[in-house]
Amino acid sequence: MEATAKAAAPPTAPEGGPIVRGLPRGPRMNRAVQTAIWSRRAQWMLEQCRARLGPMFTLRIAYEGEWVIVSDPAVIKQVFTGDPKVFHAGEGNQILRPLLGENSVLVLDEKRHIGQRRLLLPPFHGERMQGYEEQMRTIAAREIGSWPTGSPYRLRPRMQAITLEIIIETVFGVHGGARLEQLRDALRGFLDITTDPRFLAPMLAVGPERIRSLPAFRRRVDRVDELIAAEIAERRAAEDLEQREDVLSMLILARHEDGSPMSDVEIRDELLTLLVAGHETTATALAWAVERLVRHPEKLERLRDEVLAGEDAYLTATIQETLRLRPVISIVIRRLTEPVELGGYELPAGASVVPAIHLVHRDPRIYPEPESFLPERFLDEPPGTYTWIPFGGGVRRCLGAAFAQFEMTVVLRELVRRHQIRPVRRAPERNYRRAITETPRRDAEVVLG
Ligand code: HEM
């Protein structure tokens, strides 16, 4: 991206100087070119721009207005702890509204966002995860036990099968039988909408509203809605509702601040939000963990030894290091509702501030040898709140962070216990963008033994 070498005109970076009103510099290329590069090589673009323009710069992306990328932890702290009335995250997720609905925690801001988040938090509390361990382990063991040995095998789609099954059982609370199969098929059809270019192209071309008129879109959404409505109705009447551990049952019992229960539509919107937010992300993180481990056989051996000895410290550190070095999501977005002073600039209302997860995680001042896969770095020192941000931060921090890490622990433990694993090729897999996640290009291709 040579064009970035000649950055656009001032304002220049202030570094302790007077506050500059306006946006930091950005690449000179026009919006269309910047968008094209971003959509294919986002992480590379971030690195190039930081090298040439410093820790704060502006990208211009189609439909997104101005993105002020920030990568300094002190600035990121300001963003994550900033007033939610000023730093809007839901606004940037409107593309998901036709799919996830008006009540989705992802598309809301301010009071309504906090209201929904309050209802969703209790089932995702860290300590609650232990209750899901047995279900997660059984699902992982069944799936991993069916994988072929001795020939190249791509793990990412199989990890997706595991994470989907885990969500159906722990979040929807549906176990076995024809009901589970119908729901699984319908949810797969629904999830395809988020990755299939047939749906993404019209969504980007004419905006999310028109997508509703596509018969194939409606059919898939209607089918999911029908099954979820039946499940909610049945669950509301279940005699063991109070004893049930699944998220759906807990949402039925949850109460708004005024004491009212969640409506069927609210519950539907949040169930699908959890599915979309939690399924592909966790599967991709699992695929990256394997991709990294097989290229470091000595670390894989250490992990196996410790898992077999019943220790979890190295496994936890491995997951943390995977999410540092290969964050599934490269950025998070906050749109400003009023001017904000940040990093020496007074940024205008309407611009977005964009903490770059990828850049913070590759900063050599925070992580010596940032390109190396070194789980050991997290053994003595736990990850920092504003320097390790694969799950974003503040009032928008990923609701499923504890769930995802726990799930990864259970699945990886099961995998290394059961299989020897080696890479198909020696060279590391590069990343490619699948919808919003950064995925291993060959889907974590390995040979199992
Ligand atoms: C490794 C797996 C995962 C990664 C890397 C990940 C990452 C993220 C990120 C970066 C955000 C945005 C945070 C921000 O804007 O500051 C987010 C939000 C969210 N995630 Fe996750 N996530 C993962 C798994 C999950 C799971 C398993 C669930 C639920 C089952 C989940 C549910 C959510 C929800 C509901 C939000 C929206 C929170 C809000 O807006 O208040 N995620 N996630």
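The legends below describe close-up views of a predicted model. Residues are numbered from 1 along each chain as its sequence is written, and side-chain values use heavy atoms, with hydrogens and water left out. In this predicted model, local features need pLDDT of at least 70 and side-chain atom pairs count only at pLDDT 80 or more, whereas totals for chains, interfaces and linings use all residues.

**View A. The iron atom of the ligand and its protein donor, C398.** The SG atom of C398 lies 2.2 Å from the iron and is the single donor from the protein. Donors are N, O and S atoms within 2.8 Å of the metal (3.2 Å for Na, K and Ca); water is not among the atoms, so sites may look incomplete. C398 is placed in the loop between α15 (377-380) and α16. Helices (H or I, at least four residues) and strands (E, at least two) are DSSP runs, numbered from the N terminus.

**View B. Helix α5 and its packing partners.** The 13 residues of α5 (residues 133-145) should span 18 Å at 1.5 Å a residue, and this agrees with the 18 Å between the end C-alpha atoms. The expected span is 1.5 Å times one less than the number of residues. M136, I139, A140, A141, E143 and I144 are the buried residues of α5, buried meaning under 20% relative accessible area (1.4 Å probe, protein chains only). These buried residues pack against α6 (155-170) and α16 (401-418).

**View C. The second largest pocket.** A pocket is an open set of points on a 1 Å grid over the protein atoms alone, with protein on both sides within 12 Å along at least five of seven lines; lining residues have an atom within 4 Å of a point. The volume, about 410 Å³, is the space filled by probe spheres set on the points, which are joined across faces, edges and corners. Of the 19 lining residues, Q43, E47, R362, R430 and N431 lie nearest the centre of the pocket. Helix α1 (31-53), α11 (264-294) and β11 (431-434) each give two or more residues to this lining, and α1 gives the largest share, six residues.

**View D. T439 in strand β12 (residues 437-440).** T439 counts as buried because its relative accessibility is 0%. Leaving aside neighbours within four places in sequence, T439 is in contact (heavy atoms within 4.5 Å) with R156, T284, W288, R430, N431, Y432 and R434.

Technical notes
Buried means under 20% relative accessible area, exposed over 50%, partly exposed in between (1.4 Å probe, protein chains only). On a 1 Å grid over the protein atoms alone, a cavity is a set of points where a 1.4 Å probe fits but cannot get out, and a pocket is an open set with protein on both sides within 12 Å along at least five of seven lines; lining residues have an atom within 4 Å of a point.
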